[in-house]
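Grab a pencil and keep the model open next to you. Below are some exercises, each with a worked solution.

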Amino acid sequence: MKVFLSLCVLVTVLSWEVYGAQLTFSNTLGNNMVLQREPSTANIWGWANPNDAVKTTFRNENYAVTADKNGAWLISLKPTPAGGPYTITVTSSSSGEATLSNVLFGDVYLCGGQSNMQFTVCDAFNATQEIAEAANFPQIRVFTVGQGNISSTPENELLSVQEKWSVASAVSIGDQTIGMNNWTYFSAVCWFYGKYLTQTFPKLPIGLISSNCFGKSHSKLRSLECDDCPLFKDENYSCSLVSR
């Protein structure tokens, strides 16, 4: 069964203590990442001093926004064709600048579930060969959300990141120096799905986000706004999801 869901990044701006004067990107973004290609817009966001003017130029287009009273800012880039790499530098009126480098535009997939999705390539069948061949797919970029991200209230940032955005390699897909059964990164189901997509569409960059909640019900993987969604009425219902 193929399920295609629009993956939207929702930024909730809450009262928070500004980290300081330095302009920063959200910890969900980073060098080597993939942003969603056209026809969708791609959002980049982060933190600056309150009311700072925040600007960038990308593909000959100028963008300018104002950070809110909490220092949060968001820039929506116009739909961009698949490709890259790009460098995106954002400047602010009093907080300096920050840069994202080696950024590709392609399709971004969120892989979420329980232990069946958290199960890593290191522990998969033929793991040694799979890990050794990972570097043959540099157009795949991976990101792993850390454990301990459960919160009863919306958060401004991820509470932990297990693996920052990384180019596919033997280390980023299955660092065996950590040891077998480490259950950290990278998700086997997510990797094999991304690898299949790349083999099917070899010119299309693929971003894979692995976010799993070991042994938890589906309610831990959704926002509070989804409490009334029919799919989630049964608290004991568990599932794995790969969505774009």
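**Exercise 1.** Find the partner of Glu-61 in a salt bridge, then work out where the two residues sit.

*Solution.* Start with the rule: a salt bridge is a side-chain nitrogen of Lys or Arg within 4 Å of a carboxyl oxygen of Asp or Glu. Glu-61 pairs with Lys-78, and their closest N and O atoms are 3.3 Å apart. (Helices here are DSSP runs of H or I with at least four residues, strands are runs of E with at least two, and both are numbered from the N terminus.) Last, check the exposure, where buried means under 20% relative accessible area, exposed over 50%, and partly exposed in between, with a 1.4 Å probe and protein chains only. Glu-61 comes out partly exposed at 31%, and Lys-78 is partly exposed at 45%.

Before going on, a word on the ground rules: this is a predicted model, with local features needing pLDDT of at least 70 and side-chain atom pairs counting only at pLDDT 80 or more, while totals for chains, interfaces and linings use all residues. Residues are numbered from 1 along each chain as its sequence is written, and side-chain values use heavy atoms, with hydrogens and water left out.

**Exercise 2.** Count the salt bridges, then say which parts of the chain Asp-107 and Arg-37 tie together.

*Solution.* The count comes to four. As a reminder, side chains of opposite charge can pair when their charged atoms come close. For Asp-107 and Arg-37, the closest N and O atoms are 2.8 Å apart. Asp-107 belongs to strand S8 and Arg-37 to the loop between S2 and S3, so the bridge ties together parts that are 70 residues apart in sequence.

**Exercise 3.** Which residues are joined with Lys-195 into one network?

*Solution.* Begin with the pair Lys-195 and Glu-130, whose side chains meet in a salt bridge at 2.8 Å, N to O. Lys-195 lies in helix H4 (residues 188-200) and Glu-130 in helix H2 (residues 127-133), so parts 65 residues apart in sequence are tied together. Both residues are buried. Then follow the shared partners: salt bridges join Glu-130, Glu-133 and Lys-195 into one network.

**Exercise 4.** Locate the disulfide and give its handedness.

*Solution.* A disulfide is a pair of cysteine sulfur atoms within 2.5 Å, and searching the whole structure turns up one. The cysteines are Cys-111 and Cys-190, with sulfur atoms 2.3 Å apart. The torsion about their S-S bond is about 65°, so the disulfide is right-handed. Cys-111 is in strand S8 and Cys-190 in helix H4, so the link spans parts that are 79 residues apart in sequence. Cys-111 is buried at 0% relative accessible area, and Cys-190 is buried at 0% too.

**Exercise 5.** In what order do the three strands of the open sheet run, and which are the edge strands?

*Solution.* Two strands pair if DSSP finds at least two bridges between them. The order is S1-S3-S6, with antiparallel pairing. The edges are strand S1 (24-25) and strand S6 (72-77), each pairing on one side only. Strand S3 (residues 42-47) is joined to S6 by six bridges. For one example, Gly-46 has Trp-73 in S6 as its bridge partner.

**Exercise 6.** Is S9 mostly covered or exposed, and which strands does it pair with?

*Solution.* S9 is mostly covered, with six of its six residues buried. Ile-140, Val-142 and Thr-144 point one way, and Arg-141, Phe-143 and Val-145 the other. Five bridges join S9 to strand S11 (residues 206-212), running parallel. Four bridges join S9 to strand S10 (residues 161-167), running antiparallel.
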